[in-house]
Amino acid sequence: MMVTRTQTLQDPYEQAKFQHWLPIEINQISPGHYSGYIHMLEQDQLCVCRENQNRIIHKRSVIDPESCTVSFFRNKQYSNGFSEYAPADGSLFFLPAGAEADIRVAANVETVYFRFNQSVLLNKARAMDPSRWGASPTNLLCLDLDNLQSLDKFVEHIFQLVQDNSQSDSDENNEVLGDIVLEEILATLNSSRLISSEKNINLIARRRAKHTVNRVVDYIKAQLEQHVCPSISAICADLQLSERTLQYSFGAILDVSPYAYLRCMRLNGVRAALMQADNKNITITRVASHWHFLHMGRFSKDYQQMFAELPSATLRRALAA
């Protein structure tokens, strides 16, 4: 049976939690009140997801060992990023099992992804095109599709069909819809062209920048978990990176400075902790201190500027839930 799940979003933490099958980190990196939505159709190990938010976010995750995803961005006039790729209008992304997902999504852009059991999808793909899918991909594939608009319309059609079927309560129709989704994606993959970065100087440079950003973010996370707030000079020294390389990499991949991203990580950490508060013994001062905000007046101002509400309002809402 295909199940429909929908939620309006007030925070990236809710957006990450909704995707229960995927251990994903989502940080808000542009200031202002956050809102969005996520619509998901699920059937066994198949799902179709549409999500949108009104602020720029950075998503990081690792696809689980049995699944793969096929995704694309709508609203191409905005600047998005998928690992080292700056998507063009016809870009489609295949993320295989175990691959890293590193995605910058601009504000007011809808992201669509299909999740499948990788063995099921690739076995069928090999039957259709053995030469192309003989070996299972291990890294992100960026594909060029001549007619992404057709897939876009298909997504709208599927969501409408599921809504119609929910009113008729037809399990048989929902099973057929799952097969239709799988066949549509197989046809789409086999009509696309692989975009190679091996001879593209710009993509090679962006790949190096992405690698640098990942190293730095992982380093910052590890330091924060040890209750250490790293300085830019410490990051450069410990990772043997010049400040120029650091600035270029974060600018190219996330369009923010490394200092601004470190601050965003800490503020998002505070917000996630406050959103998960389940007893009145949790204090804003204690949480802020844990994330290395020592000047409470400045912290409250920064928090309000980032999330368009005071930390006390976030905590109050969490405790009332």
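Me: How many disulfides does the count come to?
Reply: Keep in mind that this is a predicted model, where local features need pLDDT of at least 70 and side-chain atom pairs count only at pLDDT 80 or more, while totals for chains, interfaces and linings use all residues. Residues are numbered from 1 along each chain as its sequence is written, and side-chain values use heavy atoms, with hydrogens and water left out. A disulfide is a pair of cysteine sulfur atoms within 2.5 Å, and by this rule the count is zero.

Me: Good to know! Which cysteine has the sulfur closest to that of Cys68?
Reply: Cys68 has a relative accessible area of 0%, so it is buried (under 20% relative accessible area; exposed is over 50%, partly exposed in between, with a 1.4 Å probe and protein chains only). The closest cysteine sulfur is 11 Å away, too far for a bond, and belongs to Cys47.

Me: And Cys229: how far is its sulfur from the closest cysteine sulfur?
Reply: Cys229 counts as partly exposed, at 31% relative accessibility. The closest cysteine sulfur is in Cys264, and the distance is too far for a bond, namely 13 Å.

Me: Which residue stands opposite Cys47 in strand 10?
Reply: Two strands pair if DSSP finds at least two bridges between them. Strand 4 is joined to strand 3 (residues 36-43) by eight antiparallel bridges, and there Cys47 faces Glu42. Strand 4 also pairs with strand 10 (residues 111-117) in the antiparallel sense over five bridges, and there Cys47 faces Arg115.

Me: Which residue in the turn between strand 3 and strand 4 has a positive phi?
Reply: These two strands form a hairpin with two residues between them. The one with a positive phi, about 50 degrees, is Asp44.

Me: Which strands stand at the edges of the sheet?
Reply: The open sheet has eight strands with antiparallel pairing, in the order 1-3-4-10-6-8-11-12. Each edge strand has a single partner strand, so one side of each is left without a neighbour in the sheet; the two are strand 1 (3-9) and strand 12 (193-194).

Me: Turning to helix 11, how far apart are its end C-alpha atoms?
Reply: The expected span is 1.5 Å times one less than the number of residues. For the 12 residues of helix 11 (residues 296-307) this gives 16 Å, which agrees with the distance in the model, 16 Å.

Me: What arc do the buried residues of helix 11 cover?
Reply: The buried residues are Phe299, Asp302, Tyr303, Met306 and Phe307. The arc, taken over the directions from the helix axis to the C-beta atoms, puts them on the same side of helix 11, as it is only 105 degrees.

Me: Which exposed residues does the other face of helix 11 carry?
Reply: The buried side packs against strand 2 (24-28), helix 9 (258-275), helix 10 (284-290) and helix 12 (311-320). The face turned away from that side carries Arg298, Lys301 and Gln305.

How values were computed:
Helices (H or I, at least four residues) and strands (E, at least two) are DSSP runs, numbered from the N terminus. Contact means heavy atoms within 4.5 Å.
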